[in-house]
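Thanks for coming. Please have the sequence and the model open.

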Amino acid sequence: MTTLDLAKSWLEQDPDPVTRAELEALIPAAEGGDVAAMDALRDRFDTRLTFGTAGLRGELGAGSNRMNRVLVSQAATGFARWLLARDENASVVIGYDGRVNSDVFARDSAELMAGAGVRVVLLPRALPTPVLAFAVRELELSAGVMVTASHNPPRDNGYKVYLGGRDGGSQIVAPADEAIHAAILAVADTATVPELPRSTAYETADESVIDAYIDRTAALVPHTPESAVLEPVSFVYTAMHGVGWEVAQRVFRDAGLGEPTVVTEQIAPDGAFPTVAFPNPEEPGAMDLAFATARAASAELIIANDPDADRLAVAIPDAAAPEGWRRLSGNAVGALLGWRAAQRLQREERQAKFAASLVSSPALSAVAAAYGISYSDTLTGFKYISRVGGLGYGYEEALGYLVDPEKVRDKDGISAAVDFLALAGELKAAGRTLEQHQRDFDERFGAFASAQVSLRVTDLSRITAVMAALRDNPPSEVGGVRVEQVDDFSGGFGVFPPSDILRFWMRGGARVIVRPSGTEPKVKVYIDASSQQGSVDERRAAAEAEVAALEAGMRALIV
């Protein structure tokens with residue numbers, strides 16, 4: 001079929017007046033010779049969003065290369081058929097965030113999966129991703145679907161899938177993604193959306209599953225005679241226009257962590273994300289309103305969740321920073337929470353494992369070694385971290401932390417916030433600051449420094465070209481530092497399956513990793529160095545200087 005034929009066929013089955021209007025404008029214009037309209041149709045129809053281990057994620061709009069009701073209908077039906085082929089008594093819980101059309105996609109999915117014969121439980125309103133991930137385990141269901149694009153740009157939406165049973169509530173991994181994608185294509189090839197069976201005979205979850213999540217999360221802060229003394233810190237909270245606040249507020253209160261000052265402009269769900277260009281706490285400017293609110297409130301800490309509250313960002317006062325506040329890196333927070341987890345395991349005399357994505361700082365492995373804890377690197381993503389057997393704590397540098405693996409098998413920005421606020425409160429009660437605690441860390445385990453370089457592209461072939469150039473002509477030095485070893489994961493490496501990853505080991509032990517992003521059109525570079533020599537200040541200076549040299553060198557190579 002030609003692009004125009006595909007567009008017309010899509011239009012005939014599209015139930016959404018917004019995306020229908022797009023095509024009703026583009027198709028006649030393209031037929032009339034409008035080059036821009038034809039290019040727009042090709043962009044929408046000449047390829048298709050692929051269902052991968054991260055599910056689906058893309059820009060809202062009409063066409064097979066966009067997120068819309070037709071694509072979601074095909075995905076829901078295909079996934080339902082795949083589940084039923086595994087288990088005739090398949091069941092699923094469906095959740096959604098506050099992005100544009102998340103509720104519509106969730107209800108379409110509920111009706112279509114129920115129509116296919118799956119038992120469906122729909123969460124009662126827009127809620128954080130960790131609540132959905134928790135519900136898969138709590139309700140003992142076969143699967144979970146979360147309609148979210150997490151921290152992607154405002155015009156994006158997505159479809160994230162979890163599996164229960166022997167998968168324990170973790171996200172899907174290969175080869176399940178390919179099998180689900182094939183089932184979706186089979187639906188798209190054999191039926192139109194109006195032909196797909198629907199049913200309103202699905203359940204709506206009551207408040208008990210939300211209450212159970214809140215109770216379990218608040219319990220991370222023990223209130224017993226033996227527990228550490230805690231003096232709550234004053235803190236600012238932002239939901240980044242997402243769905244975190246309702247649940248987070250109740251958890252903070254029940255955990256005895258106090259009531260935060262909120263960033264009013266960002267506290268309610270708003271799919272337009274009016275105050276941020278990218279609703280990601282890592283992006284420049286995203287936390288400016290939080291900084292201003294914290295200055296006005298004379299707060300001691302800032303806690304930020306991303307729009308679906310599976311990520312956590314933390315900021316602390318810093319007179320040297322332009323805004324008077326400094327956001328801690330994901331690696332810094334991950335290492336401190338890891339140290340806390342190690343102390344907890346030691347105190348409780350429990351055995352468990354630590355894990356982090358291989359692009360995260362080596363700091364956690366240093367903590368694990370010091371405490372005699374088994375440690376594993378994994379591929380990027382909590383779908384891998386959460387599957388490490390006997391996991392006690394895991395994190396990835398992109399602001400994702402799993403502090404309570406028995407409760408949820410995915411990153412959880414609310415649980416991590418509770419654990420970090422408890423740490424800050426215990427330090428305050430002891431007359432110490434987070435900066436002093438970080439210096440203690442650097443003294444005991446070494447100073448670790450990290451940086452990232454991201455190359456965002458509009459033409460995806462640029463990503464392939466960058467990776468191919470680095471493979472074909474790997475650098476002998478980066479930023480004046482000699483490359484001693486190159487690990488190419490494309491054919492598999494050690495315990496890792498084939499992956500589009502390059503790792504460069506530098507003289508002195510520093511590390512550079514390059515990989516395409518799994519969720520955004522980016523090439524990402526991760527740089528890590530450490531030092532165990534000299535005073536804390538000398539260690540920090542040495543690690544930071546090496547990272548700065550490597551960062552400049554990688555920018556020259558790929559940007």
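Start with the residues that line the largest cavity: Arg48, Leu49, Phe51, Leu56, Leu71, Ala75, His181 and Ile184. Two elements give two or more residues each to that lining, helix H4 (69-86) and helix H7 (176-190). The model is predicted, so to speak of a local feature we need pLDDT of at least 70, and side-chain atom pairs count only at pLDDT 80 or more, while totals for chains, interfaces and linings use all residues. Residues are numbered from 1 along each chain as its sequence is written, and side-chain values use heavy atoms, with hydrogens and water left out.

Now the terms. On a 1 Å grid over the protein atoms alone, a cavity is a set of points where a 1.4 Å probe fits but cannot get out; a pocket is an open set with protein on both sides within 12 Å along at least five of seven lines; lining residues have an atom within 4 Å of a point. Grid points are joined across faces, edges and corners, and a volume is the space filled by probe spheres set on the points. Helices (H or I, at least four residues) and strands (E, at least two) are DSSP runs, numbered from the N terminus.

The largest cavity has a volume of about 30 Å³. Its lining has six nonpolar, one polar and one charged residues. Here Ala, Val, Leu, Ile, Met, Phe, Trp, Tyr, Cys and Pro count as nonpolar, Asp, Glu, Lys and Arg as charged, and the others, Gly among them, as polar.

Next, the second largest pocket, with about 880 Å³ of space. It is lined by 42 residues, and the closest to its centre are Leu220, Pro222, Arg344, Arg347 and Glu348. Helix H11 gives the most to this lining, seven residues.

Last, the sheet. Six strands form an open sheet, ordered S17-S22-S21-S20-S19-S18, with antiparallel pairing; two strands pair if DSSP finds at least two bridges between them. At the edges are strand S17 (447-456) and strand S18 (477-478), each pairing on one side only. S17 and S22 are joined by 10 bridges, and Phe448 stands opposite Ser530 in S22. S21 pairs with S22 over six bridges, with Val512 opposite Ile527.

Why is strand S22 (residues 522-531) described as largely enclosed by the rest of the structure? Because nine of its 10 residues are buried, meaning under 20% relative accessible area with a 1.4 Å probe, protein chains only.

How values were computed:
Buried < 20%, exposed > 50% of the residue type's maximum accessible area, 1.4 Å probe, protein only.
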